Amino acid sequence: MHDPLVIPTDEGLYCPAGNFHIDPWRPVATAVITHAHADHARSGHQLYYAQHLSVPILRHRLGEHEFIGLAYGEQRRFGPITLSLHSAGHVLGSAQVRVAHDDGRVWVVSGDYKRDADPTCAPFEVVPCDTLITEATFALPCYRWPPVEEVGQQIWDWWSGNPDRPCVLFTYAFGKAQRVLAALTAHTDRTVYLHGAMVALTGLYRDADVAMLPTQAVSELPRSESMNGKLILAPPSAAGSPWMRRYKNASTGFASGWMRIRGNRRRRGYDQGFELSDHADWPALLNTIRDCGASTVLTTHGRSDDLVRYLREHEGIDARALTTLYGGEDD
Amino acid sequence: MQAFANLYAELDATTRTQVKQDALIDYFRVAPPGDAAWAVYMLAGRRMKRLIGPRKLREWLAEASGLPDWLVEETYQHVGDLAETISLLMEDEGERRAVDGSLAEWIEQAILGLRKLEEPEQKAHVLAHWRSLPRPACFLYNKLLTGSLRVGVSRGLVERALAALGDLPRALIARRLIGEFEPTAEFFTALFDQEQREEREGQPYPFFLASPLESEPESLGAAQDWLAEWKWDGIRAQLIARPGGVWLWSRGEEPMNGRFPEVELAATDLPEVVLDGEILAWDSGVLPFSQMQRRIQRKTIGEKMLREVPVIFLAYDVLEYQQQDWRERPLGERRALLEELLAGSGETAVRISPSVTASDWHGLAQLREESRERMVEGLMLKRLDSPYRSGRVRGDWWKWKIEPLTIDAVLLYAQPGHGRRANLYTDYTLAVRDGDAFVPIAKAYSGLTDKEIQKLDHWIRRNTVEKFGPVRSLKPEHVLEIAFEGIQPSPRHKSGIALRFPRIARWRQDKPVAEADTLEQVKDLLRLYGG
């Protein structure tokens with residue numbers, strides 16, 4: 001019996017043979033970062049490895065640290081370990097971490113990922129492996145995402161159907177907002193207005209040549225300018241804050257995988273819920289596990305227990321849940 | 001059905017009352033009367049008799065979706081709504097087709113038609129709809145199948161929409177919607193009759209409901225302008241004595257004839273009158289509500305029960321006298337009539353609710369202190385010059401309740417809520433200390449703020465000791481103050497005690513578990529206040 005290639009520790013997932021951590025939540029010497037969302041990328045590590053498109057975003061969010069950018073597929077040696085990053089399709093620069101030992105074993109840490117179409121980042125790559133450490137944020141069969149074109153159409157219908165009110169759409173500032181901006185190019189070339197928290201991140205996407213609707217910071221508009229008929233993107237934390245005062249009669253929407261459930265829509269009190277997620281839905285989780293051929297699956301954040309039981313009882317896979325501090329509630 | 005599915009989606013998507021009302025008016029204006037009648041029936045909160053139980057539906061769902069039973073169950077607990085769970089899990093199975101047929105056809109044939117079928121055919125029909133209806137229509141179909149809609153529309157809102165559409169007083173619409181009705185095209189059309197037609201024989205009036213007094217009574221003006229009565233803890237009812245017979249209705253507009261024969265018998269001695277009042281278990285004084293519960297639970301009332309738990313109807317108000325509607329007359333006048341009608345009714349099963357008199361608010365406040373000994377919930381305050389209104393209208397009727405009893409209990413188990421609270425741990429089992437052990441004392445739905453619920457939910461997910469289906473057992477760490485209206489001995493509870501109307505008053509984040517109340521302390525309360 002070999003020692004596992006990746007184990008959970010107090011600092012986070014750790015590869016003992018290669019002596020590096022993956023998405024650690026406490027300061028470590030060498031951190032391999034799957035993507036720049038806050039629960040995966042924290043400040044204070046001595047050295048960061050990440051996909052090179054992720055580096056400017058990490059620098060923006062974490063401040064100056066020592067970053068090494070890798071291309072997808074580019075290999076690095078850590079003792080007996082060959083490390084490489086492979087597209088996860090989650091957000092710009094998101095990666096799965098392939099950990100290959102010289103003895104022939106291959107483990108993959110998926111990070112967050114999705115299989116749906118997304119023009120703002122590279123598509124998910126199937127990486128064959130023996131052991132897959134997968135996220136399980138939406139690991140229940142009620143989660144099946146509608147085609148993104150359908151959701152884009154719904155957002156456009158809502159925006160264009162409200163010429164007399166501002167439309168404030170809440171989305172996560174990194175990834176989701178830019179995906180919405182890209183999806184709407186199929187319907188219009190109108191300008192979209194951004195909450196301050198999204199301006200720099202959207203600029204980084206433009207630097208990476210992602211095609212999106214033109215944008216402008218709300219703060220650049222004169223106070224007297226009417227916001228009626230305009231689409232404004234803002235992070236969910238802005239809902240109910242003083243920032244909203246400018247949009248008194250606004251129609252509000254929220255773009256998230258959680259909006260698939262009616263109770264969530266009603267509880268949050270938004271006028272519209274759009275089912276748009278950057279995570280794998282139930283079929284995508286199962287397909288990914290089958291596609292990569294893993295005989296062992298370890299699950300991290302989300303509905304871990306249900307996925308584990310299903311894999312054990314119905315897919316004949318050796319599955320276990322790992323305890324991690326990844327949030328997973330955000331989408 | 002598509003038009004109604006659209007209406008449902010519109011109502012569901014907004015929290016604004018005005019938007020909902022406009023959507024209702026638009027629907028009622030163009031819908032065929034047969035459909036509109038069913039829409040009124042369902043939206044006003046009527047329930048159809050459930051044809052297929054939820055357990056059966058879950059069984060069929062597991063089979064049709066190809067998912068294991070436990071995963072269907074977990075998903076249902078997560079979604080918090082069976083109709084929705086079905087529509088989500090079946091979405092990728094089968095070919096979706098456009099929905100045709102009217103709402104009335106759907107309900108009368110596709111839903112009520114199941115009644116005539118044997119189970120295998122029922123199942124075949126239901127599964128065929130699950131496989132072909134688009135998600136919103138599938139959801140609605142399942143809602144109808146499970147008997148009720150619940151879409152954040154109150155009956156009041158339906159009444160306002162119909163009144164606006166027909167340009168009629170809302171009270172008239174309310175009156176026409178009360179009691180039992182058949183959802184037919186004729187019924188819907190007749191709602192808008194301009195003539196005050198003869199209403200149906202045993203038809204009740206809408207109840208006037210009091211609001212809790214949240215400020216000092218001095219804010220109501222002079223005490224002399226108000227009628228004070230005890231706030232009794234029984235079953236609110238309307239007693240109708242008309243030439244055609246006697247009818248008894250509950251506040252939920254259920255006919256209660258046959259349940260309280262002594263009241264019906266006494267009512268035959270009354271003149272033609274409609275009374276508002278309370279049914280109470282009474283034997284030379286009011287009996288604890290636990291006695292009343294024994295009666296409520298029985299469908300047929302035997303001699304023994306009649307002897308052991310006699311009931312009376314304590315009248316509060318006169319709504320109709322000799323076929324005249326008295327509701328617009330001032331309370332002072334109605335009360336005078338009530339006193340005249342029930343004078344000398346001392347020992348019969350229909351009596352007058354005594355007024356509570358004092359020279360000023362201070363005097364009333366002192367009398368209110370006696371509430372718990374008198375086994376009442378406090379005082380009712382009613383403005384003497386007010387009409388008898390319909391529904392919960394603030395201003396003229398106030399309930400001035402005594403402070404509830406409270407204990408500090410430990411959060412021991414949690415379970416997710418439903419509907420708006422789906423996927424959030426909001427249903428708690430609370431316990432008191434008994435030596436080193438904890439004994440469950442009450443179940444309560446969260447009365448916490450949304451922020452506190454989020455915070456506790458977050459904690460619950462990370463501090464689960466064990467899972468039993470949807471229920472999680474938790475580390476005993478949080479103390480919640482529960483308020484309740486009464487305390488009774490109960491052989492059915494492990495603690496031997498049942499609390500009446502327990503709810504969470506606040507989260508005692510300042511209190512460690514070691515300072516939560518003990519079973520002994522709760523037993524002391526039982527000795528003091530338990531009836």
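Trainee: Which residue stands opposite W226(B) in β10(B)?

Mentor: R383(B) stands there, across from W226(B). Keep in mind that this is a predicted model.

Trainee: In which sense do β3(B) and β10(B) pair, and over how many bridges?

Mentor: Strand β3(B) and strand β10(B), which covers residues 378-383, pair in the antiparallel sense over five bridges.

Trainee: Why is β3(B) described as largely enclosed?

Mentor: Strand β3 of chain B runs over residues 226-230, and four of those five residues are buried, so the rest of the structure largely encloses the strand.

Trainee: Staying with chain B, what does the domain assignment give?

Mentor: The assignment gives domain 1 at 2-146, domain 2 at 208-400 and domain 3 at 405-529. The centres of domain 1 and domain 2 of chain B, taken over C-alpha atoms, are separated by 40 Å.

Trainee: Where does UniProt put the ligase family profile in chain B?

Mentor: The unreviewed UniProt entry places the feature "domain: ATP-dependent DNA ligase family profile" at residues 304-434 of chain B. Over residues 304-434 the chain is 21% helix and 39% strand. The end C-alpha atoms of that stretch are 39 Å apart.

Trainee: What else pairs with β16(A)?

Mentor: Strand β12(A), residues 167-170, pairs with β16(A) in the parallel sense over four bridges. G253(A) takes part in both pairings: L169(A) stands opposite G253(A) in β16(A), and Q272(A) is the bridge partner of G253(A) in β17(A).

Trainee: Why is β16(A) largely enclosed?

Mentor: Strand β16(A) spans residues 251-255, and four of the five are buried, so the strand is largely enclosed by the rest of the structure.

Trainee: What about helix α3 of chain A, how many of its residues are buried?

Mentor: Eight of the eight, across residues 176-183, so α3(A) is also largely enclosed by the rest of the structure. Among the buried residues are K176(A), Q178(A) and R179(A), along with V180(A) and L181(A).

Trainee: Switching to the sheet with β1(A) in it. What is the strand order?

Mentor: The order is β1-β2-β3-β4-β5-β6 in chain A, an open sheet of six strands with mixed pairing.

Trainee: Which strands stand at the edges?

Mentor: β1 (7-8) and β6 (66-70) of chain A do; each has a single partner strand, so one side of each is left without a neighbour in the sheet. Within the sheet, β4(A), residues 30-32, and β5(A), residues 47-51, pair in the parallel sense over three bridges. V32(A) stands opposite Y49(A) there.

Trainee: Is D209(A) buried or exposed?

Mentor: D209(A) is exposed, since it has 6 other C-beta atoms within 10 Å.

Trainee: And S284(B), what is its phi and where does it lie?

Mentor: Phi of S284(B) is near 60°, again positive in a residue other than glycine. S284(B) sits in the loop between β6 (273-281) and α14 (289-297) of chain B. It counts as exposed, with 6 C-beta neighbours inside 10 Å.

Trainee: Last one, L322(A). Which residues is it in contact with?

Mentor: Leaving aside neighbours within four places in sequence, L322(A) is in contact with P8(A), I133(A), L298(A), T299(A) and T300(A). L322(A) is in the segment after β19 (318-321) of chain A. L322(A) is partly exposed, with 17 other C-beta atoms within 10 Å.

How values were computed: Residues numbered from 1 in each chain as written. Chains lettered and ligands numbered in written order. Predicted model: local features only at pLDDT ≥ 70, side-chain atom pairs only at ≥ 80, totals over all residues. UniProt positions renumbered as here; feature names shortened; annotations may be inferred. Helix = DSSP H or I, 4+ residues; strand = E, 2+ residues; numbered from the N terminus. Buried ≥ 20, exposed ≤ 12 C-beta atoms within 10 Å, placed from the backbone. Contact = placed C-beta atoms within 7 Å. Pairing = 2+ DSSP bridges. Domains from an automatic or database assignment.
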